[in-house]
Amino acid sequence: GMINLKNKINVLDDFTINKIAAGEVVERPVSVIKELIENSIDAGATRIIVEIQEGGKKLIRITDNGCGIDSSEAEKAFLRHATSKIKSIEDLYKTFSLGFRGEALSSILSVSKVQIVTKTACEKAGTKLSYEAGKLISREAVGTVNGTTIIVSDLFFNVPARKKFLKSDRSETIQISDIINKFSVGYPDIKFEYINNKKEMFSSIGDGDVTNCIRAVHGKDISQNLIQVDMEIRDMRIWGYISNTSVYRNNKSLQYVYINGRTVRNYALSNSINEAYKSIIPLNKHSICFLNINIDPKDVDVNIHPAKLEVKFKDEHMLYKEFKSALEGILLKSNIIPKYRHYS
Ligand code: ADP
Ligand code: MG
């Protein structure tokens, strides 16, 4: 209907503010899982168990053996803009942590039912908090191991408009499996376990060996057809694995790029990879890569996307050119020579 500008101006209450903000961070079950795994990694966990039911719509449970949250801080962690990771905007360009906005927990909280059980190594008893739609329902001391378990159930139970946009269990599960695969390969030191509808789907070894991880996640066919890469471009170290010509995909789904441990999309990088392989794999096929980029946090902006899915480099054009020619050099050295000609 018509907007009545004579309406009074309301200052929104915190529940409403959080629910609106949640729309940016929490779009679907996979976004919850991504934020919670990032928190577990930031907490120094070496073991992370992810359990889902019904595509994550009914239940998401993440258990880690990280540092835990002290009972005096537990409620604070759920407040909007509450973070232990930065104190000022300058810190953002120095930090290596995956989180920094202090928005994930408060957002998730406002659109689901959340239970947290957490304990630090210094405490005798842990803390258990239960929330529903952002409101604290109960708080108790409990016996538990060190680390944190967060259970998110009935996602969007109080936001029917959002719930309507969720896809089938199968489709939500595919996205979840994909992000767990990415974290497993990006963090080979961490043992990931993935349980779907009570069935164990996958478990990584966590022995620090990237190729072991790639084999566990994507199979031998891929892990045996990779070329190791370790190079420096300006102040960046780029290392990991790229495919030879025996394996490729119909899409870019197996091009994993991590910047300071963050799995991201970046068009400059993605275009240079495609260009480098253009004449060596068939038209419309895509190469496979698992690449880590270590860069001074001040040279990359991670704060351009609400879910932190995209990053921007200071000099994207330089990166595109230099990375492309470095990849071409590596492929040539591995005796991979252009065999396809594309006329465009
Ligand atoms: P951010 O990650 O941006 O700091 P979050 O809302 O995701 O914001 O988390 C808020 C705070 O809660 C974190 O800064 C951290 O101190 C604490 N926290 C969240 N999850 C965990 C966890 N799994 N283990 C230990 N501390 C956690
Ligand atoms: Mg976080």
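Modeller: What follows takes each label and sets it against its definition.

Modeller: This is a predicted model, where local features need pLDDT of at least 70, side-chain atom pairs count only at pLDDT 80 or more, and totals for chains, interfaces and linings use all residues. Residues are numbered from 1 along each chain as its sequence is written, chains are lettered from A and ligands numbered from 1 in the order in which they are written, and side-chain values use heavy atoms, with hydrogens and water left out.

Colleague: Why is N260 called buried?

Modeller: Buried means under 20% relative accessible area, exposed over 50%, and partly exposed in between (1.4 Å probe, protein chains only). N260 has a relative accessible area of 16%, so N260 is buried.

Colleague: Why does A125 count as partly exposed?

Modeller: The relative accessibility of A125 is 36%, so A125 counts as partly exposed. A125 lies in the loop between strand 3 (113-119) and strand 4 (126-132).

Colleague: What makes a stretch a strand or a helix?

Modeller: Both are DSSP runs, numbered from the N terminus: helices are H or I with at least four residues, strands are E with at least two. Helix 8, for one, covers residues 210-218. In helix 8, V210, N212, C213, I214, V217 and H218 are buried. G219 follows helix 8 and has a positive phi, near 90 degrees.

Colleague: Which residues does A125 touch?

Modeller: Contact means heavy atoms within 4.5 Å. Leaving out residues up to four places away in sequence, A125 touches K119, A141 and V142.

Colleague: What polar atom lies 2.8 Å from the side chain of N260?

Modeller: The backbone oxygen of I295 lies 2.8 Å from a polar atom of that side chain. A polar contact is a pair of N or O atoms within 3.5 Å; within protein, one must be able to donate a hydrogen and the other to accept it, and residues adjacent in sequence count only if both atoms are side-chain atoms.

Colleague: How do you know that strand 11 and strand 12 pair?

Modeller: Two strands pair if DSSP finds at least two bridges between them. Strand 11 and strand 12 have 2 bridges, in the antiparallel sense. One bridge partner of Y258 is T263, in strand 12. The two strands form a hairpin with 2 residues between them, and N260 in the turn has a positive phi of about 45 degrees.

Colleague: How is strand 11 joined to strand 13?

Modeller: 5 bridges join them, and the two run parallel. V257 stands opposite L291 in strand 13.

Colleague: What makes strand 11 "mostly covered"?

Modeller: 5 of its 5 residues are buried. Q255, V257 and I259 point one way from strand 11, Y256 and Y258 the other way. In a regular strand the side chains alternate between the two faces of the sheet.

Colleague: Why are strand 9 and strand 12 at the edges?

Modeller: The sheet is open, with 5 strands in the order 9-10-13-11-12 and mixed pairing. Strand 9 (226-233) and strand 12 each have a single partner strand, so one side of each is left without a neighbour in the sheet. Strand 9 pairs with strand 10 (residues 236-243) over 8 bridges, in the antiparallel sense.

Colleague: What lies across strand 11, and at what angle?

Modeller: Axes are lines fitted to C-alpha atoms, for helices over the stretch in contact, and angles run from 0 to 180 degrees between N-to-C directions. Helix 7 (residues 169-186) lies across strand 11, strand 12 and strand 13, at about 60 degrees to strand 11.

Colleague: What is the strand order in the open sheet of 8 strands?

Modeller: The order is 5-4-3-6-2-1-7-8, with mixed pairing. Its edge strands are strand 5 (135-142) and strand 8 (199-203), each pairing on one side only.

Colleague: Which residues are closest to ligand 1?

Modeller: A residue is near a molecule or strand if one of its heavy atoms lies within 4 Å of it. 19 residues surround ligand 1, and the closest are N39, T83, S84, K85 and G102.

Colleague: Which atoms of D64 and ligand 1 lie 2.9 Å apart?

Modeller: A polar side-chain atom of D64 and a nitrogen atom of ligand 1. On N39, an N or O atom of the side chain is 2.8 Å from an oxygen atom of ligand 1. Both values fall within the polar-contact cut-off.
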